Amino acid sequence: MFIKNAEISRRGALKALFACALAATAAPAAAADPYPSKPITMVVGFPPGGSNDIVARIIAPKLGELLGVSVVVENKPGANATIGTEYVARAKPDGYTITLGSVSPLLLSYYAYPNLPYDPYKDLSGITTVASTPELLAINPGVPAKNLAELVALSKKQDITLASAGNGGLPHLAIELFKAESKGRIVHVPYKGAGPGMVDAVGGHVNGIIVDLPALHKLVMDGRLRPIAVTDTKRSPVMPDVPTTVESGLPSVIAFNWFAVMGPKGLPMDVREKLHAALVKTVNDADTKSKLEKLGIGPFTQKSPEAFDAFMKKEGERWSKLIKDAGVKANG
């Protein structure tokens, strides 16, 4: 009897040990930290000071507050932001490395660069757009045109040179849209960045320029450039007296720069949805919204990550045709 009871006790002990071992094995999975549990890196593919960087640094603090972790903005500039975007595309899809980019690196480069090292549709996970700003067409005050109709009429008689921040970007495409719609003698003059183009527009070396509205705001307010039109369906709150291209008779010349947050391919949907909800709350926060709008940048979000995917597809269809028809090739 004693031997039998000892055997039963031994078996019970072994079962208990086995159960403990299983519990220990399962413990890490059960105790896995919920997302997010550590700082998030938001990569910006442009240098500090540009519109992408400005938007990222305005929204990062509030986003971090809502998520309960720090959101650190990290600049990885180069090749029209394609270097930083590729870095995120190759990152671990755990939600701790994301990018805030604009339409050029997140979409247009796919159609304009012959050897882009990533496919935005396959190598990135969409979360949502967060903000947008129109492009502004502004000319040197010495050009004898006070509005878009007069500028178009002038372009039928002589070349009108318009600067952009470089080949293949949104300003370049806005110029191509203007050229196609107006049927005028519009000459695109690409620069290596918006800064040099603005300098030459002010100096009269080119007739005008098209770039993001925030970049031209001060030059227009100082009277060094004359605003002609914003390339959008509605006027900008920071320049309410400047008409849109739509109301000025060129309804197809719509080119607004949107900013979006994306992660690496394979980002779990629950992570995408959590980031989406936090980003929508962030850009609609009164303080954050005010900071953006003072720069001529407005909140612009999608209803869901899936809605953002559909938006990307629609934008791609619109711009790819123009890029192909105009023979646009990006720098680099």
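Which residue forms a salt bridge with Glu247, and how far apart are the closest N and O atoms? I put this down as the opening item of my notebook, and I note with it that the model is a predicted one.

**Entry: Glu247 and its partner**

I looked up Glu247 and found that its salt-bridge partner is Arg235, with the closest N and O atoms 2.8 Å apart. This pair links distant parts of the chain: Glu247 and Arg235 are 12 residues apart, and each sits in the loop between strand S8 (226-230) and strand S9 (256-264). I then checked the accessibility of both. Glu247 has 45% relative accessibility, so I record Glu247 as partly exposed. Arg235, at 39%, also counts as partly exposed.

**Entry: other salt bridges**

I recorded the general point that side chains of opposite charge can pair when their charged atoms come close. A search of the whole structure gave me 15 salt bridges.

I examined Asp287 and Lys291, whose side chains meet in a salt bridge at 3.3 Å, N to O. Asp287 is partly exposed because its relative accessibility is 45%. Lys291 is likewise partly exposed, with a relative accessible area of 43%.

I also noted a network of salt bridges that links Glu86, Arg90, Asp123 and Lys265.

**Entry: Asp232 and Lys234**

Are Asp232 and Lys234 buried or exposed? I first confirmed that the two form a salt bridge, with 3.8 Å between the closest N and O atoms. Asp232 has 9% relative accessibility and therefore counts as buried, whereas Lys234, at 53%, counts as exposed.

**Entry: the second largest pocket**

By class, I recorded 5 nonpolar, 5 polar and 4 charged residues in the lining of the second largest pocket.

**Entry: the largest pocket**

What is the volume of the largest pocket? I noted a value of about 720 Å³. The lining of the largest pocket comprises 35 residues, of which Phe46, Asn80, Ala165, Gly193 and Ala194 are the closest to its centre. I then asked which elements contribute to the lining. At least two residues each come from helix H2 (51-67), helix H4 (103-112), helix H6 (170-182), helix H7 (194-203) and strand S7 (208-212). Sorted by class, the lining of the largest pocket has 18 polar, 15 nonpolar and 2 charged residues.

**Entry: Gln302**

Where does Gln302 lie? I located Gln302 in the loop between strand S10 (298-299) and helix H11 (305-326). Its relative accessibility is 13%; since buried means under 20%, Gln302 counts as buried.

I next looked up the surroundings of Gln302. Leaving aside neighbours within four places in sequence, Gln302 is in contact with Thr128, Thr129, His276, Val280, Ala307, Phe308 and Phe311. Gln302 and Val130 are 172 residues apart along the chain, yet their C-alpha atoms are separated by 8.0 Å.

Definitions and conventions. Residues are numbered from 1 along each chain as its sequence is written. This is a predicted model: local features need pLDDT of at least 70, side-chain atom pairs count only at pLDDT 80 or more; totals for chains, interfaces and linings use all residues. Side-chain values use heavy atoms; hydrogens and water are left out. On a 1 Å grid over the protein atoms alone, a cavity is a set of points where a 1.4 Å probe fits but cannot get out, and a pocket is an open set with protein on both sides within 12 Å along at least five of seven lines; lining residues have an atom within 4 Å of a point. Grid points are joined across faces, edges and corners, and a volume is the space filled by probe spheres set on the points. Helices (H or I, at least four residues) and strands (E, at least two) are DSSP runs, numbered from the N terminus. Ala, Val, Leu, Ile, Met, Phe, Trp, Tyr, Cys and Pro count as nonpolar, Asp, Glu, Lys and Arg as charged, and the others, Gly among them, as polar. A salt bridge is a side-chain nitrogen of Lys or Arg within 4 Å of a carboxyl oxygen of Asp or Glu. Buried means under 20% relative accessible area, exposed over 50%, partly exposed in between (1.4 Å probe, protein chains only). Contact means heavy atoms within 4.5 Å.
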